[in-house]
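Here are some notes to read alongside the structure. Take the points in any order you like, with the model open beside you.

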Amino acid sequence: MLDLALFILIFVSLGIGYLIGRRERVRRSGHRSSDQLSSEYFVGLNYLLNEQTDEAIESFIKALEINSDTAETFMVLGRLFRQRGELDRAIQTHQDLLARPSLTREQMLDVQLELARDYKKAGLFDRAETLLLDIVRQQWPGWRESIQTLLSIYEREKEWDKAIQLVGSLKGVQASGFESQRSHYLCELAEQALRESDVLSARRYLRQAARSSFENVRVSLLQGQVELKIDNPKDAVKALERIVDQDRSFIPESVGLLEEGYGRLRSQRGLSTYLGRCLREAPSAAVVMASARLIAQQQGEKEAGRFVAEQIVKRPSLKGLNSLIDIHLQMAEGRARQNLMMLRDLTGRLEHSKPVYRCGQCGFDGKELHWQCPRCHEWGSTRPIMGLEGE
Ligand SMILES: [Zn+2]
């Protein structure tokens, strides 16, 4: 139904294009254009009325000449072919358009972008890249989309160096708005270096990533991991504590690493001070549980249980409840212990059924933290879920 409505729209556009073209031909040649064109047009109309949309489109294309007046219509047609997965026809339509010298400069650039998108969808990344490299530094309304399309190809191919190089080569107004993306590309390289145990390169990439975007919490988390890996807990803690000023919803991601870092520094006091600040300014289930672990070490399980119960009243959460049951399980015996285990099994399953992270851009959720959303492809838009069923 949507297709039919679009085809009718295209038909109307083609009709207008046909009339403009005919007027132009009449003006140029001084006599009426050939009847062949009008007959193709009405044959097309007949097909359309019979819902034979493919045949209708073929007739309209034959009836029309491509010029700057009809270019937009052909571009819509090409996009429609691409959306329907008819990539050969989309490519052909856009290539035909590109071969016309009558198009304006902006129209040529628009067609190049459309053709690159056709190639990308067809998996012809090299051809798409060649076309896009030609237009990404041009000034025209579609410049940002052209850059994003080329970057999306590099992202898909994991060619992070090329993506960083492209963003770095942009000048003036084009250079702004890519800082966070560049920072994530550098994090990708840092993770790659870490997998290869190349700690020095990982640290270098992360320093560059931090310079590119201070707000990128992923940099701090990775720096924390790297510094712990080389047994430098002081700098690990420093990097991880930055998260409270960057994006508080990520504090739960850093708590385990911080416990590790402060543990190696043998500084329960340092951990206690930081967790206390988080509890006041940005409470979460992870912070409550880490605080409870600390209290259990210092004052025993009973005191830890009292603390968690207090926190759950202030800020109810499923995770907090599970943590409270765990504490009581350690102290309970006999029938009471059995009942608690049943309850823990139930609430555990309930917690397990809930997503942990959600994309703020498109709502995609799941149990894994994706720095680039798998659905909308936005970078850094996925965060831990807060509240009753989350943190
Ligand atoms: Zn998303």
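1. Let's begin with Ser212: its side chain comes within 3.0 Å of the backbone oxygen of Glu179. That is a polar contact, meaning a pair of N or O atoms within 3.5 Å; within protein, one must be able to donate a hydrogen and the other to accept it, and residues adjacent in sequence count only if both atoms are side-chain atoms. Ser212 belongs to helix H11 (residues 199-212). Helices (H or I, at least four residues) and strands (E, at least two) are DSSP runs, numbered from the N terminus. Leaving aside residues up to four places away in sequence, Ser212 touches Glu179, Arg182 and Ser183, where a contact means heavy atoms within 4.5 Å. Ser212 counts as buried because its relative accessibility is 14%; buried means under 20% relative accessible area, exposed over 50%, partly exposed in between (1.4 Å probe, protein chains only).

2. A word on what you are looking at: this is a predicted model, in which local features need pLDDT of at least 70, side-chain atom pairs count only at pLDDT 80 or more, and totals for chains, interfaces and linings use all residues. Residues are numbered from 1 along each chain as its sequence is written, and side-chain values use heavy atoms, with hydrogens and water left out. The average pLDDT (the predictor's confidence in each residue, from 0 to 100) is 87 for the chain, and 84% of the residues score at least 70. Please read residues 29-34 with care: there the pLDDT is below 50, and the stretch has eight contacts in the model beyond near neighbours in sequence.

3. Now the chain as a whole. It contains 20 helices and three strands, and 46% of its 391 residues count as buried. Of the contacts with a separation of 6 or more, 54% join residues 24 or more positions apart.

4. Which residues of helix H7 (residues 125-135) are buried? They are Phe125, Ala128, Glu129, Leu131, Leu132 and Ile135. The cover over them includes H6, H8 and helix H9 (160-169). An α-helix has 3.6 residues a turn, so residues three or four places apart point the same way.

5. Next, the largest pocket, with about 520 Å³ of space. Among its 20 lining residues, Glu155, Gln372, Cys376, His377 and Glu378 are the closest to its centre. (On a 1 Å grid over the protein atoms alone, a cavity is a set of points where a 1.4 Å probe fits but cannot get out, and a pocket is an open set with protein on both sides within 12 Å along at least five of seven lines; lining residues have an atom within 4 Å of a point. Grid points are joined across faces, edges and corners, and a volume is the space filled by probe spheres set on the points.) Helix H6 (105-121), helix H8 (143-156) and helix H10 (179-195) each supply at least two lining residues, and H8 gives the most, with six.

6. How many cavities of 30 Å³ or more does a search of the whole structure find? There is one, and the volume of the largest cavity is about 60 Å³. Helix H17 (285-299) and helix H18 (301-314) are the elements giving two or more residues to its lining.

7. Finally, two loop residues. Ser197, between H10 and H11, has a positive phi of about 55° although it is not a glycine. Arg266, between helix H15 (251-265) and helix H16 (268-281), also has a positive phi of about 55° without being a glycine.
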